[in-house]
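Q: I'm new to this one, so could you walk me through it, beginning with the ligand?

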Amino acid sequence: MNLIHRPRRLRRTPAMRRLVRETRVSKDSLILPFFIREGSGVKEPIDSLAGLFRYSPDTIHAAVGDAMADGVRSFLLFGLPDHKDEVGSSAWDDNGPVQDALRRLRKACPEAVFITDVCMCEYTSHGHCGVLAGGDVDNDPTLDLLARTALSHARAGADIVAPSDMMDGRVGAIRNALDGDGFQSTAIMSYAVKYASSFYGPFREAAGSAPGIGDRQGYQMDPHNRREAGREAALDLDEGADMLIVKPAMAYMDVIADVAAMSDRPVAAYSVSGEYAMICAAGAQGLVDEYGVMCETALGAFRAGADLLITYFARELARAIDKGDLG
Ligand code: PBG
């Protein structure tokens, strides 16, 4: 008898293929972003993000309810204030759109997880992520404003605050402010590794947050750098981050893998607006199979090591998991 072992793949039947999958994807790992603007009765389509809407605090619960019916349970809220000024004072307004929405959502959907984006860029008239001094963002004075904003979100009912500004020392400043006010159990999901990326374009259109002058390269990371991601992640873990975000996802799979390997806390990949918009646009033109590319891209982030995925496709992915196309 000839006992030569030849390489083989365990792929005889669909059930066997599922049995030997190395990567498992769960609906529990998905986080869906929402944009909340001031006003009432608002559900307005976002031109740059096909199929997505801006909501007002009184309409968002229906959208959250629909997503929960698909099995998505965690939501990342972005606020779009009417009033913008030099320091972004609407960000910590207890009656701002995010705070107002949170108070209502807390009652309407008590079992959901609400995460809030903490940043100044949607709130400042110049569109930068902090206060300016001579054209540059002034790091330390910004920390105080971020801490006030995070506290205001916690008071309104946020489970997790997610600082996305990339200022040095913000995680520690926010942790201190939360602990000092009795919010020890409010978690911090830090955008620890955030690259200065062209993939944020559609978001900036959705949020009206493109910087009026200059760019964000002074405080966001250079896409040429990989090791620097480990350093950024370590600093935020030291300061008390409970979870880390790597952003964007698609062009940064190496970075997701590195950060997942070094972090003792959960790591989220953020598949950003440009990734969503590209997949929708190419799908709409019939150039690629949108559904397949959506599933494969999400899978890539999990396979690289992400524990969580922030994605505008969260509902569609949850349905794909139900159908067994992913999971
Ligand atoms: C900052 C923030 C941005 C995104 C998430 N948080 C914009 C930016 O850094 O310019 C982008 C997310 C996306 O593109 O989907 N508040």
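A: Let us begin with tyrosine 312, where an N or O atom of the side chain is 2.5 Å from an oxygen atom of the ligand, a polar contact being a pair of N or O atoms within 3.5 Å. The model is predicted, so local features need pLDDT of at least 70 and side-chain atom pairs count only at pLDDT 80 or more, while totals for chains, interfaces and linings use all residues. Residues are numbered from 1 along each chain as its sequence is written, and side-chain values use heavy atoms, with hydrogens and water left out.

Q: Which elements give two or more residues to the shell around it?
A: Those are strand S9 (187-194) and helix H6 (201-207), with helices (H or I, at least four residues) and strands (E, at least two) taken as DSSP runs numbered from the N terminus.

Q: And which residues come nearest to the ligand?
A: Of the 19 residues around the ligand, Glu122, Arg204, Arg216, Ser273 and Tyr312 come nearest, where being around it requires a heavy atom within 4 Å.

Q: What does serine 273 do there, and what about aspartate 117?
A: A side-chain N or O atom of serine 273 is 2.7 Å from an oxygen atom of the ligand, whereas a polar side-chain atom of aspartate 117 lies 3.0 Å from a ligand nitrogen atom.

Q: Switching topic, where is alanine 304?
A: Alanine 304 is found in helix H10 (residues 290-304), and its C-alpha atom is separated by 4.9 Å from that of alanine 257, 47 residues apart along the chain.

Q: What about the peptide bond from lysine 247 to proline 248, cis or trans?
A: That bond is cis, with omega near -10°, and proline 248 is found in the loop between strand S10 (243-247) and helix H8 (253-262).

Key
A polar contact is a pair of N or O atoms within 3.5 Å; within protein, one must be able to donate a hydrogen and the other to accept it, and residues adjacent in sequence count only if both atoms are side-chain atoms.
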